[in-house]
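Please keep the structure open while reading.

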Amino acid sequence: MEGGSAAPEELPEIITNKDEMRKWSRAMRCRGKTIALVPTMGYLHQGHLSLVEKAQSLADVVVVSIYVNPGQFSPSEDLSTYPSDFHGDILKLGSVSGCRRVDAVFHPHNLYDYGNIGRKGERDIVEELSEEREKGPPASGVSSCVEEMGAGHETWVKVERLERGLCGKSRPVFFRGVATVVTKLFNIVDPDMAVFGKKDYQQWRVIQRMVRDLDFGIRIVGSDITREQDGLAMSSRNVRLSPGDRGKLSFLSDLFGCLQALSISRSLFQAKSLVERGQTTNCSDLRGTLVQAISGAGGKIDYVEIVDQESLETLGEVDRPVVICIAAWFGNVRLIDNIEISG
């Protein structure tokens, strides 16, 4: 790929139809190929591409799905402003860090269209929902954008306990929507394995549990967080950070005694270091320090929790493998980050 373009033979095959996607996967299986799926919502960055590289190391062929899922957004959330650059995404997937190109991109128009809402694509739906959202909450108590669009979709997948805490507290429809759309993708693409980033730690664990409980014959692979040069966990939402808000993020480790401004991730790494050096294992103390740092930097706390890596239960002491999970608002952007500690 040169000059921001790629020859057609270097680009992945783009599939928009569910039946065509199934045919493609069956054809690969008939040739004895293993299939890995990397689910995304597009606006790809190096973090996504690292997931693709991981998938390429594990399977014969790789499918990347690009779909902004309305089922995981409530009507008051940022579906209408979620960034998109499909053309740019395809160019990036044509050559992943010198590795072979992605084999196929599954880019459905609307996975909740059952023939009763016309030929609306995701952007058409987003515009309509944005107009409806300005009118305020619907009297019917609709809880997600899918229900608001009137598609008639009634079936949802819920991982009852794992989805309750952390992000589930402030985003009550999120994991129901994620589990449902991932189930749809698994049924359509029929992969042998799927790769998820650990930045969305709770999501990764929810999908693992769903696959176990529902006997999907799919291996779920968690891939480590990819960070920007300043340490910020890569996210498609980072593009919406103002320079000032990004500067606030770099202040967060000052309360740990560092001499220069560092990123929110450094606070997590410093907390991990405190535990590993035996200076503290008290979760309340660690949480208090992190909350103080984030609030002092101008962030609005959603949550700071120290939880068991598998059960996601809140702990009092770091006496087993844990993960410190943070969600905070900087400006109008909600960011999440985490770090695992072996305990």
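Does Arg29 count as buried, partly exposed or exposed, and what is its relative accessibility? Arg29 counts as partly exposed because its relative accessibility is 32%, and the cut-offs are under 20% for buried and over 50% for exposed. The model is predicted.

**Salt bridges**

- The count of salt bridges comes to 15.
- In one of them, the side chain of Arg29 meets that of Asp192, with 3.2 Å from N to O. Arg29 belongs to helix α1 (residues 18–30) and Asp192 to the loop between α7 (174–189) and β5 (193–197), so this pair ties together parts that lie 163 residues apart in sequence.
- Asp192 is partly exposed, at 23% relative accessibility.
- A network of salt bridges links Arg29, Asp190 and Asp192.
- Another salt bridge joins the side chains of Arg334 and Asp302, at 2.9 Å from N to O. Since Arg334 sits in strand β9 and Asp302 in strand β7 (residues 300–308), the parts tied together are 32 residues apart in sequence.
- Arg334 is buried, with a relative accessible area of 14%, whereas Asp302 is partly exposed at 24%.
- Arg320 and Asp319 also meet through their side chains in a salt bridge, at 3.1 Å from N to O. Arg320 is partly exposed, with a relative accessible area of 33%, and Asp319 is exposed at 52% relative accessibility.

**Strands β8 and β9**

- Strand β8 (residues 322–330) runs antiparallel to β9, and nine bridges join the two. Ile324 has Ile339 of β9 as its bridge partner.
- The two strands form a hairpin with two residues between them. Gly331, in the turn, has a positive phi of about 65°.
- Eight of the nine residues of β9 are buried, which leaves the strand mostly covered.

**Asn338 in β9**

- Asn338 is found in strand β9 (residues 333–341). Asn338 is buried because its relative accessible area is 4%, and the cut-off for buried is under 20%.
- A polar atom of the Asn338 side chain lies 3.1 Å from the backbone oxygen of Lys199.
- Neighbours within four places in sequence aside, Asn338 contacts Lys198, Lys199, Tyr201, Ile225, Arg227, Leu268, Val323, Ile324 and Cys325.

- All six residues of strand β2 (residues 35–40) are buried.
- In a regular strand, side chains alternate between the two faces of the sheet. In β2, Ile35, Leu37 and Pro39 are buried on one side, and Ala36, Val38 and Thr40 are buried on the other.
- β2 and β3 run parallel and are joined by six bridges. In β3, Val62 is the bridge partner of Ala36. The chain passes from β2 through α2 to β3 in a right-handed β-α-β crossover.
- β2 also pairs with β5 in the parallel sense, over two bridges. Here the bridge partner of Ala36 is Met193.

**Helix α3**

- Which residues of helix α3 (residues 86–94) are buried? They are Gly88, Asp89, Ile90, Leu91, Leu93 and Gly94.
- The cover over the buried residues of α3 includes β1 (13–15), α2 (46–58), β3 (61–66) and β4 (104–106).

Notes: Residues are numbered from 1 along each chain as its sequence is written. This is a predicted model: local features need pLDDT of at least 70, side-chain atom pairs count only at pLDDT 80 or more; totals for chains, interfaces and linings use all residues. Side-chain values use heavy atoms; hydrogens and water are left out. Buried means under 20% relative accessible area, exposed over 50%, partly exposed in between (1.4 Å probe, protein chains only). Helices (H or I, at least four residues) and strands (E, at least two) are DSSP runs, numbered from the N terminus. Contact means heavy atoms within 4.5 Å. A polar contact is a pair of N or O atoms within 3.5 Å; within protein, one must be able to donate a hydrogen and the other to accept it, and residues adjacent in sequence count only if both atoms are side-chain atoms. A salt bridge is a side-chain nitrogen of Lys or Arg within 4 Å of a carboxyl oxygen of Asp or Glu. Two strands pair if DSSP finds at least two bridges between them. A crossover is right-handed if, with the strands pointing away from the viewer, the path from the first strand over the helix to the second runs clockwise.
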